[in-house]
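Please look at the sequence and the 3D structure shown below. The paragraphs after them go through the structure one part at a time.

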Amino acid sequence: MTKTLTRAPFKADHVGSFLRPERLKQARLQKENGEITAEQLRAIEDEEIIKLVEKQKEVGLSAVTDGEFRRAWWHFDFLAGLEGVELFEAESGIQFNGVQTRAHGIKVTGKLDFGQHPFIEDYKFLDSIKGDHVAKFTIPSPNMLFFRGVIEEAVYPNKDEFFDDLIKAYQKAIQAFYDAGCRYLQLDDTSWAVFFSEKGQKQIADKGYTPEELIKIFTRAINESIANKPEDMVITMHICRGNFKSTYTASGGYDNASEYIFGQLNLDGLFLEFDDERSGGFAPLQHVNRKDLQIVLGLITSKFGELEDPERIKTRIAEASQYVDLDQLCLSPQCGFSSTEEGNLLTEEQQWDKVRHVISIANDVWK
C-alpha cells in the first residue's frame with residue numbers, strides 16, 4: 001500500500017539520525033587521512049544509506065531518513081553550507097553533562113544566503129530510494145545559527161538585519177527542498193531549551209536579551225521561514241535538550257515557553273522530549289490551540305538500550321490525551337540515536353529494538 005502524507009508525522013515516527021555503521025566511521029577516517037577520495041567516501045555512504053533505508057522499511061516505519069549518515073554534526077554541516085557561514089576550530093567544544101564535544105564552531109563572516117547547498121543532492125539520493133515510503137529530511141532550525149554561531153559585528157551590526165537575511169535564506173532552502181521532491185521536512189532546535197531553566201535564563205541575558213524579547217524573535221524566525229511553504233509539504237520541529245554520547249545540555253519543562261511553542265508556531269507537528277523527569281509534565285500541552293497540530297511524544301529514550309515498560313508508556317500517552325486529543329498525538333524516541341557521528345551509548349541491535357518498541361506501542365494505542 002502506498003503511504004500518504006495525510007498522516008505525517010506518523011503515529012509511530014522517529015527523529016531522524018541513526019548510529020553510524022563501523023564501515024562508515026572507518027571510511028570517514030580514511031577520507032580525513034587522505035587514504036580515499038571524496039567520491040569513494042560518497043559511494044560508501046550511498047551503500048550504507050541504501051541498507052539503512054531498507055532496514056527502516058523492514059521494521060515497519062512509514063517515514064525513512066538517510067540517518068544523517070553524511071554528516072558529522074546534526075546542525076553545523078547544514079549551517080556551514082549556507083553562504084556567509086564558515087566552520088572553524090573553536091577553543092573548546094559544547095559542554096554537555098560530564099562530557100564535551102569536539103572543538104568546532106560556526107561563524108557568520110558574510111551576508112547570509114542559500115545557494116548551491118550539498119544537502120539538496122543528499123535529499124535527492126534519499127528520494128530516489130524511498131520507494132512507496134515517505135522520505136523525511138532533517139535540517140537545523142534557523143534559530144540554531146543565532147544560538148550556536150559567532151556573528152561578526154562588522155557583517156551584522158544590526159541583529160534585525162541578520163534575522164531578515166536568515167529568514168530569506170531559509171525560505172529559499174525550503175523551496176529548494178520542495179523542488180527536489182521533499183514533502184516532509186523537520187527543523188531540529190535546541191535553542192528553545194534556554195527558556196526552560198535558570199541556567200538558560202542566564203544564557204539569554206548573556207546574549208543581551210530578555211526572555212520575552214528572545215522568544216518573540218525565535219517565534220518570528222520559525223513562522224516567517226515557513227510562511228511560503230507549499231500546501232502539500234509537512235514541516236515539523238524537534239525541540240531538544242541536547243543529545244551527545246547519551247548525555248544532555250539542558251533541563252526543565254516546557255512551561256515558560258509553552259504559550260509560544262504550542263500556541264503560536266505555525267508548524268504541522270512538534271517532536272517533544274518527554275522521556276525523563278528533566279522534561280517536566282504534560283500540562284503545558286493545554287496551550288495547543290489547533291486541531292491540525294500533531295504532537296509527537298518522545299517517551300522512548302534513544303540514550304540507553306533498556307526498553308521501557310509498554311504499559312507505562314500507554315499510561316503516559318493517556319495522561320497527555322487529557323490535554324490534547326488522542327488523534328493529535330503520536331509516539332517516537334525522544335531524539336535521534338546519533339545527533340553527532342559519535343552516536344549514543346547503545347548497540348545497533350538495541351537501536352532497532354527501540355524503533356520496534358515505538359511501532360508496537362503505537363499500533364496498540366492507535367488501532
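**A walk through the model**

Ala-27 is found in helix 1, which covers residues 22-32. Helices here are DSSP runs of H or I with at least four residues, strands are DSSP runs of E with at least two, and both are numbered from the N terminus. This is a predicted model, in which local features need pLDDT of at least 70, side-chain atom pairs count only at pLDDT 80 or more, and totals for chains, interfaces and linings use all residues. Residues are numbered from 1 along each chain as its sequence is written, and side-chain values use heavy atoms, with hydrogens and water left out.

With a relative accessible area of 0%, Ala-27 is buried. Buried means under 20% relative accessible area, exposed means over 50%, and partly exposed lies in between (1.4 Å probe, protein chains only). Not counting residues up to four places away in sequence, Ala-27 touches Ile-36, Leu-41 and Ile-44. Contact of this kind means heavy atoms within 4.5 Å. Ala-27 and Ile-44 are 17 residues apart along the chain, and their C-alpha atoms are separated by 7.4 Å.

Next comes a loop residue. Thr-65 sits in the loop between strand 1 (63-64) and helix 3 (76-80). Is Thr-65 buried or exposed? Its relative accessibility is 2%, so Thr-65 counts as buried. The side chain of Thr-65 reaches the backbone nitrogen of Gly-67 at 3.0 Å. Leaving aside neighbours within four places in sequence, the residues in contact with Thr-65 include His-14, Phe-18, Leu-52, Leu-126 and Lys-136.

Charged residues are the next topic. Side chains of opposite charge can pair when their charged atoms come close. A salt bridge is counted when a side-chain nitrogen of Lys or Arg lies within 4 Å of a carboxyl oxygen of Asp or Glu. By this rule the count comes to 26 salt bridges. One of them joins Glu-45 and Arg-70, with the closest N and O atoms 3.1 Å apart. Glu-45 lies in helix 2 (residues 38-59) and Arg-70 in the loop between strand 1 and helix 3, so this pair ties together parts that are 25 residues apart in sequence. Glu-45 counts as buried because its relative accessibility is 5%. Arg-70, at 10% relative accessibility, also counts as buried.

Arg-70 forms a salt bridge with Asp-46 too, and here the closest N and O atoms are 2.7 Å apart. This pair links distant parts of the chain, with Arg-70 in the loop between strand 1 and helix 3 and Asp-46 in helix 2, 24 residues apart.

Another salt bridge is formed by Asp-364 and Lys-314, whose closest N and O atoms are 3.0 Å apart. The two residues are 50 places apart in the chain, Asp-364 in helix 11 (residues 348-365) and Lys-314 in helix 10 (residues 310-320). Asp-364 counts as partly exposed at 35% relative accessibility, and Lys-314 counts as partly exposed at 22%. Elsewhere, salt bridges that share partners join Arg-28, Arg-42, Glu-45, Asp-46, Arg-70 and Asp-122 into one network.

Now turn to a sheet. Strands of a sheet pair through backbone hydrogen bonds, either parallel or antiparallel. In this model, three strands form an open sheet in the order 2-5-7, and the pairing is mixed. Strand 2 (83-89) and strand 7 (149-151) are the edge strands, each pairing on one side only. From one strand to the next, the twist averages 30°. Two strands pair if DSSP finds at least two bridges between them. Strand 2 pairs with strand 5 (residues 104-113) in the antiparallel sense over six bridges, and Leu-87 stands opposite Ile-106 in strand 5.

One more helix remains. In helix 8 (residues 211-225), the buried residues include Leu-214, Phe-218, Ala-221 and Ile-222. The buried residues of helix 8 pack against several elements, among them helix 5 (143-148), helix 6 (159-179), strand 8 (184-189) and helix 9 (258-263).

Conventions. A polar contact is a pair of N or O atoms within 3.5 Å; within protein, one must be able to donate a hydrogen and the other to accept it, and residues adjacent in sequence count only if both atoms are side-chain atoms. Axes are lines fitted to C-alpha atoms, for helices over the stretch in contact, and angles run from 0 to 180 degrees between N-to-C directions.
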